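Trainee: May we go through this structure together? I would like to begin with a single residue and its contacts.
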Amino acid sequence: MEAIALGLTCTAAIPHAFPSASSISRTSNFTSIKYPSSTVYRCKGVEEQDLYGLPKEYYDDEWQAKQREKTKEFHRLRQQEEDEEEQKVDEYRDIGLRLKDYPEEELLKAKKLVASFIRSADEVEEKIEEAAEKGELDELVLLIIWNRLDLARRDDEKDAVRSLDLLYRRVETEILKREATPAMRLLNDLLNLHDGGLDTEGWLKACKKHMVDTFPREDPFSILVPAGFDIDTHQGPLRPALEVDDALLRVDFVREVDKLLKEVRSEYTESLDAQGLDPESVASRLKQQEKQRAIHLVVSLLDLAINLEW
C-alpha cells in the first residue's frame with residue numbers, strides 16, 4: 001500500500017516539475033508573435049529620414065571615384081600654393097639679406113637719398129646731378145634701387161617697375177659718367193647732342209665745333225709757338241701756358257673710341273642668334289637694333305675725329 005501511495009504521489013508531482021505539451025505549445029505560440037505592420041513602416045520611415053537630402057549619386061561608385069580625384073587635385077593645388085608662398089618668402093628674405101653687410105649708418109643715408117629721388121618726380125635729374133657732385137652716388141645706392149625694383153617685379157607692380165628701372169639706369173649712367181675717362185665723357189656728351197632734335201648734318205656740325213673746343217690744336221705752328229706770341233714783333237710769352245692735367249688729346253679719343261667699337265661689335269655679333277617671335281626674342285631684336293643705331297653714330301664720330309681740321 002505504501003509503494004502504491006508513493007507511486008501515486010510521484011505521478012502527481014510530475015506535472016509540477018515538467019511542463020506539459022500544451023504549455024510548451026502555448027509558450028511557442030507566445031514567442032512567435034509578429035509585430036504589427038505599422039511598426040515596420042515606422043522604422044523604415046526613420047531610415048528614409050536619416051538619408052534625406054543626400055544626392056542620388058551618393059551610392060554611385062563612379063561618382064565617388066570622381067569626387068576622390070577632385071579632392072586629390074584640390075590638395076595638390078593647395079600644396080602647390082603653399083610651396084609657392086614659401087618660395088616667395090625665401091626670395092624676399094634673400095633680397096633683404098643683400099644689405100646686411102653694409103654699416104647701418106651708410107645704409108640709412110642711402111635709403112633716404114633714394115627716397116628723395118622717388119619723391120622729387122620732375123626734379124629727379126637735378127637731384128641726381130647734385131648728389132653726384134657731392135659724391136653720394138655709389139654702389140650702395142644702386143643696390144637699394146635694385147632691391148626696390150626686384151620687389152616691384154615680384155609683386156607685378158608695372159608702374160613702379162617702369163619708374164624704378166628708369167631711375168636705376170639714370171643713376172648708373174651718372175656713376176659711370178663720373179668714373180669714366182675724359183674720352184668716354186666726351187663721347188657721351190657728343191651722343192647726347194643727337195637727342196636734341198638735330199638732323200644728322202646739324203648734329204655733326206655741332207660735334208665738330210665741340211671737338212675743336214675740346215682738343216688742343218695739333219698744327220705745327222701751335223706746337224712751336226705758344227698762344228699769345230707775335231711772330232712778327234717777337235713779343236709775347238715764350239713759354240706755353242700750363243696745360244690742364246686731364247686735357248684730352250685727339251689721338252687718345254680716337255684710340256679709346258676705336259677700342260670700344262671693337263668690343264661692342266663683337267658682343268653685337270654674338271647676340272644676333274635670336275630669331276623667334278616670342279616676346280623675349282622680339283625685345284632682344286629691338287634692343288639690338290637700338291644698339292646698332294648707336295654703333296653707327298659712334299662710327300660717324302670716330303671718322304669726324306680722325307679727319308678733324310681746325
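This is a predicted model: local features need pLDDT of at least 70, side-chain atom pairs count only at pLDDT 80 or more; totals for chains, interfaces and linings use all residues.

Trainee: Where is Arg153 found?
Mentor: Arg153 belongs to helix α7, which covers residues 139-154.

Trainee: Is Arg153 buried, exposed or partly exposed?
Mentor: Arg153 counts as partly exposed, because its relative accessibility is 41%.

Trainee: Asp165 was one of those contacts. With which side chain does Asp165 meet in a salt bridge?
Mentor: The partner is Arg169, at 3.0 Å from N to O.

Trainee: How many salt bridges does the structure hold?
Mentor: There are 18. Among them, Asp252 pairs with Arg255, with the closest N and O atoms 2.5 Å apart, and Lys262 pairs with Asp258 at 3.6 Å. Lys262 and Asp258 are both in helix α12, four residues apart.

Trainee: Which residues are linked in a network of salt bridges?
Mentor: Glu125, Glu129, Arg170, Glu174 and Arg178 form such a network.

Trainee: Changing topic, what is the volume of the largest pocket?
Mentor: The volume is about 1300 Å³. The pocket is lined by 25 residues, and the closest to its centre are Thr173, Asn188, Leu191, Glu290 and Ala294.

Trainee: Which helix gives the largest share of that lining?
Mentor: Helix α13 does, with seven residues. By class, the lining has 12 nonpolar, four polar and nine charged residues.

Conventions: Residues are numbered from 1 along each chain as its sequence is written. Side-chain values use heavy atoms; hydrogens and water are left out. Helices (H or I, at least four residues) and strands (E, at least two) are DSSP runs, numbered from the N terminus. Buried means under 20% relative accessible area, exposed over 50%, partly exposed in between (1.4 Å probe, protein chains only). Contact means heavy atoms within 4.5 Å. On a 1 Å grid over the protein atoms alone, a cavity is a set of points where a 1.4 Å probe fits but cannot get out, and a pocket is an open set with protein on both sides within 12 Å along at least five of seven lines; lining residues have an atom within 4 Å of a point. Grid points are joined across faces, edges and corners, and a volume is the space filled by probe spheres set on the points. Ala, Val, Leu, Ile, Met, Phe, Trp, Tyr, Cys and Pro count as nonpolar, Asp, Glu, Lys and Arg as charged, and the others, Gly among them, as polar. A salt bridge is a side-chain nitrogen of Lys or Arg within 4 Å of a carboxyl oxygen of Asp or Glu. Lists of a residue's contacts leave out its neighbours within four places in sequence.
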